[in-house]
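Me: I'd like a close look at one part of this protein. Please keep it brisk.

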Amino acid sequence: MAALRAALRALFAAPRARSPPLGRRPPPAPRSASAAARGAAMEPAPRWLAGLRFDNRALRALPVETPPPGPEGAPSAPRPVPGACFSRVRPAPLRQPRLVALSEPALALLGLGAPPADAAAREAREAEAALFFSGNALLPGAEPAAHCYCGHQFGQFAGQLGDGAAMYLGEVCTAAGERWELQLKGAGPTPFSRQADGRKVLRSSIREFLCSEAMFHLGIPTTRAGACVTSQSTVVRDVFYDGNPKYEKCTVVLRIASTFLRFGSFEIFKPADEHTGREGPSVGRNDIRVQMLDYVIGTFYPEIQAAHTEDRVQRNAAFFREVTRRTARMVAEWQCVGFCHGVLNTDNMSIVGLTIDYGPFGFLDRYDPDHVCNASDNAGRYTYSKQPEVCKWNLQKLLEALEPELPRELGEAILAEEFDSEFRRHYLQKMRRKLGLVRTELDDDGALVAKLLETMHLTGADFTNTFYVLSSFPVGPEALGLPEFLAALTAQCASLEELKLAFRPQMDPRQLSMMLMLAQSNPQLFALIGTRANVTKELERVEQQSRLEQLSPAELLSKNQGHWADWLQQYRARLEKDREGVSDEEAWQAERMRVMHANNPKYVLRNYIAQNAIEAAENGDFSEVRRVLELLETPYHRAEEAARVPEATEPEGASGADSGGHSYSSKPPLWAAELCVT
């Protein structure tokens, strides 16, 4: 074992892993046949990962570009990649890769066992993970490739995009008969890197790693993250695009999914867009579109393939119908936990209905239907409340990309028939469970939910905690404990200080005055600038700020209590209807509590929780990342886990509290509102 550790340390210190000078890309391994053969011969043999068996079906079924010949060791030059779905690449090595964390539940998908008890064995396992999951060495059978796709970004067709920082490693087949695609995100340049360097940094990688796993444990369809590996290699990033760049450590995330194909995978055939003039790199190649449909349906929708062997149009229609339903259910799940994706472009939409590509995401703290989690989304295209509408728009672009294999009229009929109804059905079904309505479904349940959200908005209630507190709502003829419950509920509402911070004006008063004058004097120019919505929102903030200045904390509390008392009266009446005819009231109450606890998380990955973990990791301490990961693996309160799941009153240092003693199940601290994610 000592010899293995020594060998791994020697590999980490190898000269090929040095960081490049600022502004230059690190060269990948040689791409000529002879150099590739030499590299393969020099690859270290894995031990823990030796059992992974690759069978790279996607590269056999879909066209793969072999990079054009170039100088040995030259990076993958950015270029159009016509007539191919993949281009072969090679990860660029990092200097001194170091494991940040492993997700054992995600790695278990690959048939990898639990960590050993022996400390030396765990150390060797982590060293092997750092070596292979950084891209510094390739596993036997891995065939790195970058996927070619296009996309509509913020509503505009952007042309060729592709895996600019991610690399397909291959597909691992398990003893359980499952097939999992492995990806390294941040492993270096590809033909699709454009002007970038193909790298990801520690902060963004930790966010993706933690959120991928958090979403899975919340029960939401998602890609997974098996490992996060950082290094001593650095790149320069201007975090807020404000002219203040800094060095950040290159970091790689091992991603796992059945497939990372997306809506944009089918947009590579798009002819010149009427608005942007851009086109896909494989215009006119319907033969490849047919190949892709055969591969996707045959591999990921085999029941549809089996049911429509004689009629390709009906097969493709059934496929699009199922993608529509899965997407509708996925976004309904997002809405029910307050998740905001942030960049819902067509290239970030999974063809199998998974949440994919975690960038400037966020979970709602104070409920605001117009919340924008991505500071770069100036127009608010991807606000929380617009996510269902945007997903439907993206499906429209997918059906257009499938033409002529799916006639547009047929696709549009399916979209109109399926999306809204599937979304409403799944959303309302989930919301009933969140409210503990376990026996009956009534037509006016939607109105009850809408009134709840309106009350949350009026009172600035914390989204996650409000639903969690509702599970303790007292029911029964006596309704004992109602004043205490109302106090607990209103404690989740925004304080006067929080509201003043949330509604503070964003524009300089002189700028606002100038914009209002322009709107009066030259409305055509004002409309052309496209700032009407921003000015309207700014006026609303100014008006709200003025009202808040005239309000005392006691008056705010009284108003909040009145709003909640009104809604709780409706909620109590609805629970009484659900309880009607119950022979065993204790059993009904127990079932209500069980269902609510299983659908209302106590923990979500709030931005400030991720930020605490990031700041510790940037200082070399990965323990907070691992602690947060463990916390997010059990987000729901269950009786048998009561000892492990902390309460809001836990002391400093307890699991579930940050280093300042603030519980991760409490409302976020005030400073959390200042965080900016782009």
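Where is the place of Thr 251? Take that residue first, then go on to the helices.

Reply: A caution first: this is a predicted model. Thr 251 sits in strand β12, which covers residues 246-257. Its relative accessible area is 0%. The cut-off for buried is under 20%, so Thr 251 counts as buried. The side chain of Thr 251 has a polar contact, at 3.0 Å, with the side chain of Thr 230.

Now helix α16. This helix runs over residues 509-521, 13 residues in total. At 1.5 Å a residue, α16 should span 18 Å. Three residues of α16 are buried: Leu 512, Met 515 and Leu 518. They cover an arc of only 120° around the axis, so they lie on the same side of α16. The face turned away from that buried side carries exposed residues. These are Pro 509, Arg 510, Met 514, Met 517, Gln 520 and Ser 521. Look also at the start of α16. There, a side-chain oxygen of Asp 508 comes to within 2.7 Å of the backbone nitrogen of Arg 510.

Last, a helix pair. Two packed helices are described by the angle between their axes and the distance between the axes. Helix α6 spans residues 202-217, and helix α22 spans residues 623-632. They pack at about 15°, and their axes are 9 Å apart. Angles under 35 degrees count as roughly parallel, so α6 and α22 are roughly parallel to each other. Their crossing is right-handed.

Notes: Residues numbered from 1 in each chain as written. Predicted model: local features only at pLDDT ≥ 70, side-chain atom pairs only at ≥ 80, totals over all residues. Heavy atoms only, no water. Helix = DSSP H or I, 4+ residues; strand = E, 2+ residues; numbered from the N terminus. Expected span 1.5 Å × (residues − 1). Buried < 20%, exposed > 50% of the residue type's maximum accessible area, 1.4 Å probe, protein only. Arc of directions from axis to C-beta. Polar contact = N/O pair within 3.5 Å; in protein donor to acceptor, adjacent residues only side chain to side chain. Axes fitted to C-alpha atoms, helices over the stretch in contact; angles between N-to-C directions. Parallel < 35°, antiparallel > 145°, perpendicular 65-115°, else oblique. Left-handed = near helix turned anticlockwise from the far one by under 90°.
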